[in-house]
Amino acid sequence: IQPSVQEALMEGRPVVALESTIITHGMAYPQNLSMAREVEEIVTTNGAVPATVGILRGRIHVGLTDKELEFLASNKNVVKVSRRDLPFVLSQGLSGGTTVSGTMIAAHKAGIPVFVTGGIGGVHRGGENTLDVSADLTELGRTPVAVVSAGVKSILDIGRTLEYLETQGVCVAAFGESREFPAFFSRQSGFQAPYHVRDEEEAAELIASALELGLSSGVLIAVPCPQEQAASGQVIEEAIQQALSEARSKGITGKELTPFMLQKINELTDGKSLDSNLALIQNNARVGSCIAVALSRIQKARRKKNLPRREDTTPPQPVVIGGINVDFIAKAQNPVILDGGQTNAGRVRRTFGGVGRNLADCLSRLGQNPLLLSAVGIDEHSESILHYCHHMDMSAVLQLEGKSTATYCAVITSAGELSVGLGDMDIHHQITEQYVSQFKENLCQAPLVCIDGNVPLSTIQYVCRLAREHRLAVCYEPTDENKASKPFLSDSWKVLTYISPNLQELRAINRTLGNPLPAGIEYSE
């Protein structure tokens, strides 16, 4: 996942997935490249982050650089990649453009709920005899992504396509004032969509409802081509019949049929179909981006409304006391890191960590719903963290004005060895005994209390006293060599149930207790 896309997803900003088959197989170079750039620009202008999906040398990419877009646009040896093609293309290290089906899979795995395309595939004309049905339809039946398209391509059997989507359990809605289902180049198809949504807000509400239900199926939002660019239905229909006849005579079938048909129809309509194609793709990008922005706003509001309240939580929660960090990991590209103020080439990524947060995250994913006691600032980092941790009970985390959320920066060599680490973690001192004691009732009822070495010594000793009085199970994570010994400076350690030191931390604890180091251990790695 491209860093800008990953960051947007972490922060809960709207992201729009885009396919790449239209680049690799839908238009000629360089028009395909300029179209791809324009569509990404439209998405950005309307407040979302574009994430064009493609396969580059055997790896799925969600979000492409301009150089990667140009590679796909200009390369003749690229594959059209649907669900069935993914394993082979990846295993062979090939490159390709993802279809609606392939893009939906990647978007869902990346956590992107809205995907914009030109038109989806469907049941081919004569499909009742050939069983030529696009994998796009079955993908919509099993992958929970909202697809914004200009209906289905007019070269297909639209009536049977709508019937097939119904069988697959796909919610289909026309966009705008009419239920008329659009036919790609044309605003009319002669068929009605089951539902219609009047604007972006209604579309976003529909998608949010589908996602909240946890259905495994997707949603299709069918957007008509702009009136001023819509091609005449009769002209297109005549071109389709002529192109179909030529395809049959040449024996063109399967995934080669759609690119052939679109190219032939463009020739037969003197480029009018291509003009309509470009206009509808750009319009879909605008509408889809606005839907994604509205959906992001709805989801944020609902997450805030549904934050768990401690008084409603039963049975008793585990309690985790410890640090929350924003980690910046900088990995050098070259084996030797140059000093003296020079810039070293490398990759920098941001992750959310902190030992306490990590423990609470794991317990949450195990279904235990722990209460996290920690502290963050009121800054851009804390906003990102609270969004990223929306699945956790963060209701008790201190948010302190004028304090900085803890950050850690690690510079590592290309081999993965730590070169230097810098930490700004003063805020952990705010996880005080006074703050933690406010949750005494939660602590005394907790089936498990986890505490990390970032916490001040007085807080650790307070928790250990409670554990002794109420026979609590306490897990201590030493965090690092310099902090590991805190409970061992007094008798506090005797109430600990679990401890998870690495060898360096264990040696530090051993030294604190005045025990001799066992022979041979000093050289162990």
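Analyst: When the whole structure is searched, two cavities of 30 Å³ or more are found. The model is predicted: local features need pLDDT of at least 70, side-chain atom pairs count only at pLDDT 80 or more, and totals for chains, interfaces and linings use all residues. Residues are numbered from 1 along each chain as its sequence is written, and side-chain values use heavy atoms, with hydrogens and water left out.

User: What makes a space a cavity and not a pocket?

Analyst: On a 1 Å grid over the protein atoms alone, a cavity is a set of points where a 1.4 Å probe fits but cannot get out, whereas a pocket is an open set with protein on both sides within 12 Å along at least five of seven lines; lining residues have an atom within 4 Å of a point. The largest cavity has a volume of about 110 Å³, a volume being the space filled by probe spheres set on the points, which are joined across faces, edges and corners. The residues lining the largest cavity are Leu18, Glu19, Ile22, Ile23, Met35, Ala36, Val39, Thr52, Val116, Thr117, Gly118 and Ile281.

User: Which class holds eight residues of that lining?

Analyst: The nonpolar class does: the lining of the largest cavity has eight nonpolar, three polar and one charged residues. Ala, Val, Leu, Ile, Met, Phe, Trp, Tyr, Cys and Pro count as nonpolar, Asp, Glu, Lys and Arg as charged, and the others, Gly among them, as polar. Helix H2 (21-26) and helix H3 (31-45) each supply at least two lining residues, and the largest share, three residues, comes from H3. Helices (H or I, at least four residues) and strands (E, at least two) are DSSP runs, numbered from the N terminus.

User: Why is the largest cavity said to lie between two domains?

Analyst: Both domain 1 (1-112) and domain 2 (117-307) give residues to its lining, so the largest cavity lies between them. The assignment also gives domain 3 (358-401 + 426-513); domain bounds come from an automatic or database domain assignment. Taken over C-alpha atoms, the centres of domain 1 and domain 2 are 19 Å apart. Their contact (heavy atoms within 4.5 Å) takes 33 residues from domain 1 and 30 residues from domain 2.

User: What lines the second largest cavity?

Analyst: Its lining is made up of Pro144, Val145, Ala146, Ile207, Ala210, Leu211, Leu215, Ser217, Gly218 and Val219. The space in the second largest cavity is about 50 Å³. Eight of the lining residues are nonpolar, two are polar and none is charged.

User: How many residues line the largest pocket, and which lie nearest its centre?

Analyst: The lining has 46 residues, of which Gly12, Gln299, Arg303, His387 and His390 lie nearest the centre. The volume of the largest pocket is about 1,400 Å³. H13 gives the largest share of this lining, nine residues. By class, the lining divides into 24 nonpolar, 13 polar and nine charged residues.

User: What makes a set of residues a nonpolar core, and which members of the largest one touch the most others?

Analyst: A nonpolar core is a set of buried Ala, Val, Leu, Ile, Met, Phe, Trp, Tyr and Cys residues joined through side-chain atoms within 4.5 Å. The largest has 95 residues, and Ile112, Phe181 and Ile221 touch the most other members. H13 gives the largest share of this core, eleven residues. Domain 1 (1-112) and domain 2 (117-307) both contribute, so the core lies between them. Leaving aside neighbours within four places in sequence, isoleucine 112 is in contact with Val5, Leu9, Val15, Val16, Ala17, Ala51, Val62, Ala107 and Val145.

User: Why is arginine 57 called exposed?

Analyst: Buried means under 20% relative accessible area, exposed over 50%, and partly exposed in between (1.4 Å probe, protein chains only). Arginine 57 has 56% relative accessibility and therefore counts as exposed. Leucine 131, with a relative accessible area of 69%, is exposed as well.

User: What sets the backbone apart at arginine 57 and at proline 30?

Analyst: Most residues other than glycine have a negative phi, and most peptide bonds are trans. Arginine 57, in the loop between strand E2 (49-56) and strand E3 (59-62), has a positive phi, near 50 degrees. Tyrosine 29 and proline 30 are joined by a cis peptide bond, with omega about 10 degrees; proline 30 is found in the loop between H2 and H3.
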